[in-house]
Amino acid sequence: RSIAVPIPAVLGHSSSFYKYLLRGFCIILQMSRISNNRLVHRFTLGLVGSHLMLHTCCALSSTRSFLHKGRFANIIEDGGGGEVVVPFETSWLPTEILSAVAAAETLLDKKEENDNAASSCASSTTVLPDHLSPPMFVDVFDYNDPSYNVENDGVGKEESLSQLGREARSIIDDALDTKRNSEDVEDSTINAVLFRGLSNCIQTAQDFKTFWSGCIDGAEGRNEMTYVPFGKGRNTLDGVDLVTPFPPSMALKCHNEMSYNPRPAGRIAFYCLEAASKGGETILARNADLTKYVSTELQQFVKEHGGILYRREYYDERRNPNPSSDIHRHMGSWQKKTGTNDEKDAISFFTNLGFSLEGVNFDEEGTLIVENVHPGFIKDDDDREVWFNILYMGLFKLADGRSIPSDMLQQLMLDEWRAVHVLKLHPGDWIVLNNQSVQHGRLPFVDGPDQKRTILTVYTD
């Protein structure tokens with residue numbers, strides 16, 4: 001007992017290894033008990049104990065070489081992460097969204113009758129603890145450098161942060177999209193890297209800018225991207241983007257960043273300066289998993305009708321300085337969007353982003369209309385065709401002008417929760433996602449009077 005219990009925490013092997021190991025142990029022990037020979041009994045126990053200790057030592061000696069990379073230690077966590085699937089903790093949510101959550105629970109109960117795992121999840125409220133084990137597709141690295149002093153100033157501090165960024169980039173490039181050695185997971189590809197414990201050295205947005213500069217400078221094949229959303233841009237802190245200013249009382253559903261653009265982000269990363277007082281957990285969903293849950297009927301419907309038509313309209317602030325349309329107020333003027341008052345330069349702004357010239361036009365009222373058709377699917381790094389769009393918003397038609405049937409859309413909005421995992425970002429946590437393979441979002445949150453959720457966001461192509 002004293003030997004077997006701590007081994008899983010040390011080795012990080014799959015649970016099947018221990019299942020067979022303990023089964024073999026019991027068989028041998030039983031055989032020794034059948035024999036009344038005390039010598040045989042001692043020999044058997046010694047053999048098993050030696051095997052366990054030898055296996056432990058070999059495993060430790062072979063894993064330590066790659067568990068530590070510079071100032072980061074790779075943390076092997078045994079667990080699939082917290083699965084949300086709805087419902088999540090709702091006791092503190094505003095009343096206006098409780099009815100929507102209740103409706104989702106009812107529909108999920110009906111849909112998941114044959115799925116024991118989802119049924120049990122939908123039958124009772126999931127309480128999210130402060131610390132959750134990340135899902136298996138997230139590799140975790142813990143930062144611990146006692147020699148670093150945050151009070152260091154000037155060039156020494158900047159160089160240290162830049163060097164730390166370069167170390168992090170090396171880990172990201174080595175870890176992302178590699179395979180984890182696990183027998184218990186059907187798809188063991190690592191699609192995200194989570195760094196923890198950076199609050200000792202990255203305490204401000206300016207610190208993060210220095211760290212990020214070291215991470216991105218000299219990175220071959222990786223260029224920093226500018227966020228180009230449908231509508232207005234994000235707020236910034238010291239020149240670094242903050243997360244989407246979505247109402248905190250609502251859950252921001254999982255999505256791939258800029259999936260609606262011809263050139264989506266390749267990677268996206270979030271650094272937590274300050275966590276919410278309550279809620280605000282990050283939610284993640286792999287596109288490959290999501291594709292399994294989206295109905296075959298809907299996937300075929302999208303393909304048959306040519307993909308998804310993404311249409312944007314930006315008003316002319318010279319002719320319409322105070323637009324009355326909600327959509328125009330949300331989208332903004334084309335002058336602010338493109339940073340120019342010249343129509344030709346405005347068109348070039350979008351064609352430089354990969355939009356076709358035929359898809360960028362001004363109408364008679366000076367409104368800039370930008371359209372592109374996306375198939376709604378991409379090939380991920382494992383060459384699988386995966387669901388890649390924001391149809392769940394219910395705002396878009398298909399390429400031939402057809403609308404998504406309401407029953408399909410409603411089912412999609414529920415099915416997408418089935419692939420969701422959840423984890424809590426704490427100050428000093430930095431998570432980097434392969435945006436082509438993993439969606440992200442967040443749960444509702446409440447800020448305290450002196451505690452405002454502050455998440456910095458960066459992107460690469």
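The questions and answers below go through a predicted model of one protein.

Q: How many helices and strands make up the secondary structure of the protein?
A: In this predicted model, the secondary structure contains both kinds of element. Counted over the protein, there are 13 helices and 22 strands.

Q: What is the mean pLDDT of the protein?
A: Confidence is given residue by residue on a scale from 0 to 100, and 68% of the residues reach 70 or more. Over the protein, the mean pLDDT is 76.

Q: Over which residues does pLDDT stay under 50?
A: Where pLDDT is low, the predicted coordinates should not be read in detail. One such stretch, with 38 contacts beyond four places in sequence in the model, is residues 1-66. The other stretch described here has 37 contacts beyond four places in sequence, and it covers residues 103-127.

Q: What share of the residues in the protein is buried?
A: A residue counts as buried when its relative accessible area is under 20%. Of the 461 residues in the protein, the buried share is 48%.

Q: Where is aspartate 177, and is it buried or partly exposed?
A: Aspartate 177 lies in the loop between helix H6 (155-175) and strand S5 (192-196). Most residues other than glycine have a negative phi, whereas aspartate 177, although not a glycine, has a positive phi of about 70 degrees.

Q: Why does aspartate 238 count as partly exposed?
A: Aspartate 238 sits in the loop between strand S6 (236-237) and strand S7 (240-242), and its phi is positive, at about 55 degrees, although it is not a glycine. The class of aspartate 238 follows from its accessibility, because it counts as partly exposed at a relative accessibility of 46%.

Q: Which residues does threonine 178 touch, not counting residues up to four places away in sequence?
A: Threonine 178 is placed in the loop between H6 and S5, and it is partly exposed, with a relative accessible area of 28%. Its C-alpha atom is separated by 5.6 Å from that of isoleucine 190, although the two residues are 12 residues apart along the chain. Leaving out residues up to four places away in sequence, threonine 178 touches Ser188, Thr189 and Ile190.

Q: Which element gives the largest share of the lining of the largest cavity?
A: The structure holds six cavities of 30 Å³ or more, and the largest cavity has a volume of about 160 Å³. The largest cavity is lined by 13 residues, with Val243, Phe270, His440, Gly441 and Arg442 nearest its centre. Strand S8 (252-255) and strand S20 (438-442) are the elements that give two or more residues to this lining, and the largest share, three residues, comes from S20.

Q: How many residues of the lining of the second largest cavity are nonpolar?
A: The second largest cavity holds about 130 Å³ of space, and 16 residues line it, of which Trp212, Cys215, Ile216, Arg267 and Thr460 lie nearest its centre. Among the elements that each supply at least two residues of this lining are H6, helix H7 (205-216) and strand S22 (454-460). By class, the lining has one polar and four charged residues, while the number of nonpolar residues is 11.

Methods
Residues are numbered from 1 along each chain as its sequence is written. This is a predicted model: local features need pLDDT of at least 70, side-chain atom pairs count only at pLDDT 80 or more; totals for chains, interfaces and linings use all residues. Side-chain values use heavy atoms; hydrogens and water are left out. Helices (H or I, at least four residues) and strands (E, at least two) are DSSP runs, numbered from the N terminus. Buried means under 20% relative accessible area, exposed over 50%, partly exposed in between (1.4 Å probe, protein chains only). pLDDT is the predictor's confidence in each residue, from 0 to 100. Contact means heavy atoms within 4.5 Å. On a 1 Å grid over the protein atoms alone, a cavity is a set of points where a 1.4 Å probe fits but cannot get out, and a pocket is an open set with protein on both sides within 12 Å along at least five of seven lines; lining residues have an atom within 4 Å of a point. Grid points are joined across faces, edges and corners, and a volume is the space filled by probe spheres set on the points. Ala, Val, Leu, Ile, Met, Phe, Trp, Tyr, Cys and Pro count as nonpolar, Asp, Glu, Lys and Arg as charged, and the others, Gly among them, as polar.
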